[in-house]
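Have it open while you read.

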Amino acid sequence: MEASTCKQDLLQKKKNAVLVDGVILNGPITDSKAGGKFVEEACKIIMEEIIQKADDVTEKLASSLLVYPMYPSLVNRDQHSVERASSHVHSVTACFSSIFSDHPRFFNQLYAGIDYYSLVARFITEALNPSVYTYEVSPVFLLVEEAVIKKMIEFIGWEEGDGIFNPGGSVSNMYAMNLARYKFCPEIKEKGLSGLPRLVLFTSEECHYSMKKAASFLGIGTENVYFVKTDESFKSVSRRGKMIPEELEKQVQRARNEGSAPFLVCATAGTTVLGAFDPLDKIADICEKHDLWLHVDASWGGSALISRKHCRLLHGIQRADSVAWNPHKMLLAGIQCCALLVKDNSDLLKKCYSAKAAYLFQQDKFYDVSYDTGDKSIQCSRRPDAFKFWLMWKALGTTGLEERVNRALALARYLVEEIKKREGFQLLLEPEYANVCFWYIPPSLRKMENGPEFWQKLHQVSVT
Ligand SMILES: *Cc1c(COP(=O)(O)O)cnc(C)c1O
């Protein structure tokens, strides 16, 4: 329908219409009836085309061919009317389902399958559209976040602490780095970097790349990230990829001798590629000796804390000052669901990040304003990511989550045994966690001697 006829129709129907600048002001901004119909149809299609197909192994993993012919209709403004909107539902879902990340044959980083509870939690929060900055806007979601953080802290083994859900483990690492620096020199918040000594932090060679990103983003500089050697023997399965504590000690000494200021060690619990767990107890000893903040990036490995069988992998984590943990990885909470947890109980997060915006965080509200946790964040609007984890946890219980972890590690053991049985597969290392690293050696290379030429050829195989 043409916009002008539409308006005239409305004006005729609405005797008391308030017209300003040719715009009718009284009445809803959206057509709720047509909108409701659109949502209903879309839900039906999401159910049939995505959720029911996602875990069906006989369905195709990708329907990306559908995307391209449909794409113009999604961006073509002329087809923007509400009446036609429902006819676009199919093309929209075709795009969304172009890759079924929940498909049983979808093997990629980060994903482990679908969790229906966290999916419904997402539907609920998408519909309510809350923002967890103030209690008045999101009372329930703020309390949920507090409860989930408390529970995660229990699993780490701290008696108390604080935390915040962030858009990703990378961001949690950045928060931790900044928090450690703030603790080291609180005046940085007002004075900035000028006048500070050269700050240095330590992490292992196998750490996540977000460490470099955080160091550059925060003005620390990537050259001031000192990479500590990991235990290794590249060609043997004894390689582990864990930080060597003695090497850390040497690096701290080196930094001190250079006259720079060491302030932070970032250990990794579950490295992204090899799945290695740094020896936290020994690293914590060094941190205590040199008075350094210990951050544990357990974005990947943190979920093992839920398993009584595997939590020993993170032995010593209770000695950390901060921990990053992503329930959106092994535990299957929908992306993104990532927490930074902090042992400090002196409101350090708030002191470090607050800007005390008077229009949002008024101090004379009708409720306890300590529930307005928004000023602990670098964000203003923030999604209630903890709710996904909460609903899933409520539905499955700790034992249900524990089963997920145990199953993932059992699957890894099974894969290792299958690799060992098969000709042409070479295991890189005996896994401790769910990462299984192996080479596939094609028949043409199986008789070749292990030397530079062999590795060059093998690399060519893996990239084509
Ligand atoms: C996945 C991962 C991250 C990054 O988490 P995102 O949520 O993807 O930003 C950080 N550290 C480790 C060890 C990881 O495995």
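Predicted model: local features only at pLDDT ≥ 70, side-chain atom pairs only at ≥ 80, totals over all residues.

1. Residues are numbered from 1 along each chain as its sequence is written.

2. Look at H5 (residues 116-128) against H13 (residues 386-421): their axes come within 8 Å and cross at roughly 135 degrees. That makes H5 oblique to H13 (under 35 degrees is roughly parallel, over 145 roughly antiparallel, 65 to 115 roughly perpendicular, the rest oblique). Axes are lines fitted to C-alpha atoms over the stretch in contact, with angles from 0 to 180 degrees between N-to-C directions. Helices are DSSP runs (H or I, at least four residues), numbered from the N terminus.

3. On the H5 side, Tyr117, Ser118, Val120, Ala121, Arg122 and Thr125 meet H13 residues including Phe387 and Met392 (contact: C-beta atoms, placed from the backbone, within 7 Å). The residues of this H5–H13 contact divide into eight nonpolar, two polar and two charged (Ala, Val, Leu, Ile, Met, Phe, Trp, Tyr, Cys and Pro are nonpolar; Asp, Glu, Lys and Arg charged; the others, Gly among them, polar).

4. H6 (residues 139-156) also packs on H13, at about 65 degrees with the axes 9 Å apart, so H6 and H13 are roughly perpendicular. Phe141 and Val144 are among the H6 residues in the contact, and Trp390 is one of those from H13. By class, the contact has eight nonpolar, no polar and one charged residues.

5. Which residues are closest to the ligand? Gly168, Gly169, Ser170, His208 and Trp300, out of 13 surrounding residues (C-beta, placed from the backbone, within 6 Å). The shell divides into two nonpolar, 10 polar and one charged.

Key: Helix = DSSP H or I, 4+ residues; strand = E, 2+ residues; numbered from the N terminus. Contact = placed C-beta atoms within 7 Å.
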